[in-house]
Amino acid sequence: MGSRVVDDFSSPWSPDGSGLWSASCRPGAARLGADGMGMFISADAGSDDRSPWVQRSFSPALDLRDCTELRLWLAVSDVSTRLFLEAGTQPSAADLPWHRRLRVEQPDTWELQRLWLGDMSSELRQGVRVLRLRCPAPAPTFAATVDDLAAGTPEALRDSGDALLGRLGGLLGGVPAFFDVPPGQPPPYISVGTCAVLPVPPQSGGAVVDNETDHGAYVRPRPQQLRLDYRIEAVATTHPERARITEAVTAELAHDPRLVVFGELLALLPLEPDPLATGPYRPPATPLYYRLRVPQETGPRRPHGFGRPLLVTGRPDSPLREVTPR
């Protein structure tokens, strides 16, 4: 099962009763979704130990057993703001059992949050009834925009193919798009195929640190890139019909040459392939070729505890150095 949108934020989440936060939906808070809406949070500073939040209740409950990640886009006005996404089964509960700190590295900049579900209990994963966005006390003043909450398991080839079919399949009424054309499918339709896959190893090593918890963080190997070359062909019985479909495809991908692949914006660019790679010409086909680079995970996440800071005094090469825990 591919990734799916959990909330497009066409409706705001409900705030707690502290009065410190207000949430609304507006076009200026939109990131990716076709609805053109996102959630805007206006937060006032708190002077006591209240921890304000907004939350979304789900009925029926979310079943995340086939998912390994939640993803959402977030932009916050102040990088010092500490925000957590929490999950639970009781919307009225004061504390929810699962949470992740959201990483904010640049002010007022959209950043993709990838929240791993591997340490969420099996009971909760099969029945999430509430998601809560919370700030620990004392709450600061800030503004935030949130959009495009999705759930799924990263699979580079499948996610990219689903995104491409989603763009092409709705272009023209009565003209579906297929990777695997059903037997006996009458034209017109759009045939899509992957004509080349090339792994591109990461240029730098090391691990990616993400998913902070109370006890440390999870780290994962740096992903590699997959270079995917696609062949897109309009199949119709007449030249005018093939031309109409081909022009619709080229115009759509020129208007916005990007694919949303499990919440990530990736460039889809025209490609002039090597004739030896495409095979002999088969009239009346006139295929189009496009190239996409998509990240592919290369290993699992592993927990790492927080390090213990040390103060080292003395000469670096001296056996008389003193090491003091901080």
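Predicted model: local features only at pLDDT ≥ 70, side-chain atom pairs only at ≥ 80, totals over all residues.
Colleague: What makes a space a pocket, and how much space lies in the largest pocket?

Modeller: On a 1 Å grid over the protein atoms alone, a pocket is an open set of points where a 1.4 Å probe fits, with protein on both sides within 12 Å along at least five of seven lines. The largest pocket holds about 590 Å³ of space, a volume being the space filled by probe spheres set on the points, which are joined across faces, edges and corners.

Colleague: Why do V5 and D148 count as lining the largest pocket?

Modeller: Lining residues have an atom within 4 Å of a point. The largest pocket has 22 of them, and V5, L32, G33, D148 and V260 lie nearest its centre.

Colleague: Which helix supplies the largest share of that lining?

Modeller: Helix 2 does, with 4 residues. Helices are DSSP runs of H or I, at least four residues, and strands are runs of E, at least two, numbered from the N terminus. Helix 2 spans 156-168.

Colleague: What about the second largest pocket?

Modeller: About 420 Å³ of space lies there. Strand 9 (111-116) is one of its contributors, giving the largest share of the lining, 5 residues.

Conventions: Residues numbered from 1 in each chain as written. Heavy atoms only, no water.
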